[in-house]
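Hi everyone, thanks for making the time this morning. Have a look at the model on the screen, and I'll talk you through how it is put together.

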Amino acid sequence: MSSTQLPFPEGFLWGAATAAYQIEGAAHTGGRQDSIWDVFARLPGAVADGHNGDVACDHYRRYKQDVALMGQLHMKAYRFSTSWARCMPDGVTPNPEGIAFYSRLVDELLAAGITPWLTLYHWDLPQALEDKGGWANRDTAYRFAEYAALMHGVLGDRVRIWTTLNEPWCSAFLGYAAGVHAPGRQDPRAALAAAHHLLLGHGLAARALRREDPDASVGITLNLTVPDPRDPGSEGDRDAARRIDGQFNRIFLDPLFRGEYPADLLADVAHLGMADLVQDGDLEIISTPLDLLGVNYYHGESLTKDPAGPGEQAGQETTSAPGQAARPVSSPFVAADGARSAPRGLPVTGMGWEVQPEGLRRLLNRLQGEYTGPAGIPIYITENGAAYDDVPDEAGFVDDQDRLGFFAAHLQAVHGAIADGVDVRGYLAWSLLDNFEWSFGYHQRFGLVRVDYATQERIPKASAWWYSAVAAGNAIPAGTHPVLPSEPGVVLSV
């Protein structure tokens with residue numbers, strides 16, 4: 001092994017991730033009906049330029065091409081989500097045609113030697129269930145467990161890794177408190193109810209999967225942040241960091257790993273009645289032991305209670321960026337009492353998010369020390385990536401050195417965490433393809449592979465070829481120099 005490379009442990013899992021609504025298209029094909037994102041996208045101002053996922057990357061029809069592309073890029077695992085609205089359009093009744101799509105996808109992956117990693121819920125709740133209250137309705141948790149059992153009954157003979165929920169913080173607080181995501185509600189009480197019912201649904205689904213197959217690997221994916229007080233000497237800034245940590249990280253980590261909600265969080269939100277949501281036995285169900293924890297990391301936060309200064313904005317998650325929709329929104333932090341993110345002068349991505357790889361190393365060490373280590377389970381990075389203002393050349397090739405550098409720096413942070421003793425066993429880049437980026441529509445591109453939305457051509461970027469070499473060699477270069485094919489402008493299409 002060259003001294004210029006940083007090797008990863010043998011068997012480290014390399015791959016990429018996507019989500020159903022962001023790539024599949026075929027919004028009303030094969031019996032699929034509206035999800036909350038289909039309906040939300042029709043609201044004036046909800047999604048930039050009125051974009052929607054009706055076509056997206058046309059993955060529903062082009063999945064064989066996309067799996068072949070993964071193989072070309074040396075992916076060993078593919079984390080995808082199944083659309084609840086495709087598989088059970090009304091939230092309760094199985095749709096064989098929709099389910100069959102995922103069976104074909106799994107077969108294609110296995111034939112290519114790629115491990116299928118299935119996420120049951122990546123935000124596309126059937127609108128029929130939202131009409132009954134959505135995640136704010138406790139009954140949705142039980143419908144979710146039925147959905148999990150259905151999908152395992154069809155795919156469990158071939159899928160061994162199951163994630164119940166992707167980023168329940170976004171589902172609950174961006175969807176029900178801020179109004180930034182579907183279903184677009186701005187009700188703090190409903191957001192807290194959604195958070196609890198999502199966790200309950202996770203626990204019920206985990207138990208359902210284990211009943212079907214005790215040997216299945218079952219986990220959950222959380223998006224987590226690193227909350228630092230801007231001024232550690234300021235009592236207000238320390239309290240802001242504590243509150244955001246409680247309402248972003250510990251609201252999920254503590255019930256999952258310790259079977260309880262943090263006392264300070266319950267005090268923060270006491271006026272919103274969160275404690276009243278918890279029924280006897282809920283926390284035992286929620287803390288059903290995990291086989292792995294998926295971690296999604298994009299950036300940390302420098303937090304303060306000071307008023308915003310010139311050029312500063314309150315609330316990084318609702319800060320405007322190119323392509324941001326114009327619909328009025330609220331804070332996702334339902335009891336943060338004026339806490340806001342303060343810029344630190346770090347480089348930022350196209351989303352306006354700070355680039356903070358050292359935060360990932362600190363986060364992983366914290367998880368190992370406080371949560372996953374005591375539980376004896378591994379961590380997988382299930383999302384990490386960046387949107388930038390890609391500029392294609394005449395052939396459509398993007399020499400995205402900024403994204404390549406982002407991946408290199410964060411992989412070096414993961415390598416450092418492993419050296420610290422953190423049990424990290426895989427890294428799934430976000431995302432395989434440029435795609436529908438939620439309320440930003442098609443303005444923000446996270447893909448390793450460029451998608452020409454007019455032609456649906458797939459064109460791997462410089463970062464894709466660099467990442468492919470990392471995956472093939474199970475090691476990262478010490479620097480950030482790209483590894484390109486002899487003809488980087490190759491276009492893959494059907």
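Helices (H or I, at least four residues) and strands (E, at least two) are DSSP runs, numbered from the N terminus. As for where this comes from, it is a predicted model, in which local features need pLDDT of at least 70 and side-chain atom pairs count only at pLDDT 80 or more, while totals for chains, interfaces and linings use all residues. Residues are numbered from 1 along each chain as its sequence is written, and side-chain values use heavy atoms, with hydrogens and water left out.

Let's begin with helix α8, residues 168–178. Eleven of its eleven residues are buried, so the rest of the structure largely encloses this helix. Among them are Trp169, Cys170, Phe173 and Tyr176. What do the buried residues of α8 pack against? They meet β4 (115–121), α6 (127–130), β5 (161–166), α9, β6 (217–223) and α10, where contact means heavy atoms within 4.5 Å.

Now to the barrel. Eight strands close into it in the order β2-β3-β4-β5-β6-β8-β11-β12, with parallel pairing; two strands pair if DSSP finds at least two bridges between them. Neighbouring strands of this sheet are turned by 25 degrees against each other on average, direction ignored. Going around, β2 (residues 13–17) and β3 (residues 77–81) run parallel and are joined by three bridges, and alanine 17 has arginine 79 in β3 as its bridge partner. Next, β3 and β4 pair in the parallel sense over five bridges, with phenylalanine 80 opposite leucine 118 in β4. Four bridges then join β4 to β5, again running parallel, and tyrosine 121 is partnered by leucine 165 in β5. Six of the seven residues of β4 are buried, so this strand too is largely enclosed by the rest of the structure.

Helix α13 (residues 357–370) lies across β8, β11 (379–383) and β12, and runs at about 140 degrees to β11. For these angles, axes are lines fitted to C-alpha atoms, for helices over the stretch in contact, and angles run from 0 to 180 degrees between N-to-C directions. Helix α16 (residues 462–473) lies across β2 and β12, at about 150 degrees to β2.

There is also an open sheet of three strands, in the order β7-β9-β10, with mixed pairing. Here β7 (227–229) and β10 (340–341) are at the edges with a single partner strand each, so one side of each has no neighbour in the sheet. Three bridges join β7 to β9 (residues 301–304), and those two run parallel. Proline 227 has glutamate 301 in β9 as its bridge partner. Helix α10 (residues 235–258) packs on this sheet, touching β7 and β9, and its direction makes about 170 degrees with that of β7.

On to the interior. A nonpolar core here is a set of buried Ala, Val, Leu, Ile, Met, Phe, Trp, Tyr and Cys residues joined through side-chain atoms within 4.5 Å. The largest one has 147 residues, of which Trp37, Tyr121, Phe173, Val414 and Tyr427 touch the most other members. Helix α9 (residues 188–212) gives this core its largest share, ten residues. Phenylalanine 173, leaving aside neighbours within four places in sequence, is in contact with residues including Ala191, Gln247, Phe252 and Pro332.

The model also has 39 aromatic pairs: rings of Phe, Tyr and Trp (its six-membered ring) pair if their centres lie within 6.5 Å, with planes under 30 degrees apart counted as stacked, over 60 as edge-to-face and the rest as tilted. Tyrosine 298 and phenylalanine 446 have ring centres 6.1 Å apart and planes at 85 degrees, so they are an edge-to-face pair. Both tyrosine 298 and phenylalanine 446 are buried.

Terms used
Buried means under 20% relative accessible area, exposed over 50%, partly exposed in between (1.4 Å probe, protein chains only).
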